[in-house]
Amino acid sequence: MIKQISRLCRQEIPDTQCGFRMLNRQLVPELLGGGDRFDYDTEVLIVASRKGYRIESVPITTVYTDQVSKIRPLRDAVRFLQLLWRYRKAA
């Protein structure tokens, strides 16, 4: 996924699903109403990069607890592929 998203964004993005984001406030209105699950993180990256923003990554420490993942592999993979298809057509 990372390679596909980086290709769509035309810049290398080492972690596309981190969830921590710092955004320019001018970009926020354009990101409202996007995806509603794991595809939202990806859509934020695509929209920001297509608006000319440079995406930077900063390493963070991850603390895992005993929470169970909410990822549903089949459903979320389909949603991801639909998102890629939508933005490839709009490129």
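pLDDT is the predictor's confidence in each residue, from 0 to 100. Helices are DSSP runs (H or I, at least four residues), numbered from the N terminus. The chain average is 81, and 89% of the residues score at least 70. This is a predicted model, in which local features need pLDDT of at least 70 and side-chain atom pairs count only at pLDDT 80 or more, while totals for chains, interfaces and linings use all residues. Residues are numbered from 1 along each chain as its sequence is written, and side-chain values use heavy atoms, with hydrogens and water left out.

The largest pocket holds about 1400 Å³ of space. A pocket is an open set of points on a 1 Å grid over the protein atoms alone, where a 1.4 Å probe fits, with protein on both sides within 12 Å along at least five of seven lines; lining residues have an atom within 4 Å of a point. Volume is the space filled by probe spheres set on the points, which are joined across faces, edges and corners. The lining comprises 40 residues. Nearest the centre lie Asp15, Gln17, Cys18, Phe20 and Arg21. Helices H3 (38–50) and H4 (73–89) are the elements that give two or more residues to this lining. H3 supplies the largest share, seven residues.

Ser6 is found in helix H1. Ser6 is buried, with a relative accessible area of 12% (buried means under 20%, with a 1.4 Å probe and protein chains only). Beyond residues up to four places away in sequence, Ser6 touches Gln11, Glu12 and Ile13 (contact means heavy atoms within 4.5 Å).

Definitions and conventions: Buried < 20%, exposed > 50% of the residue type's maximum accessible area, 1.4 Å probe, protein only.
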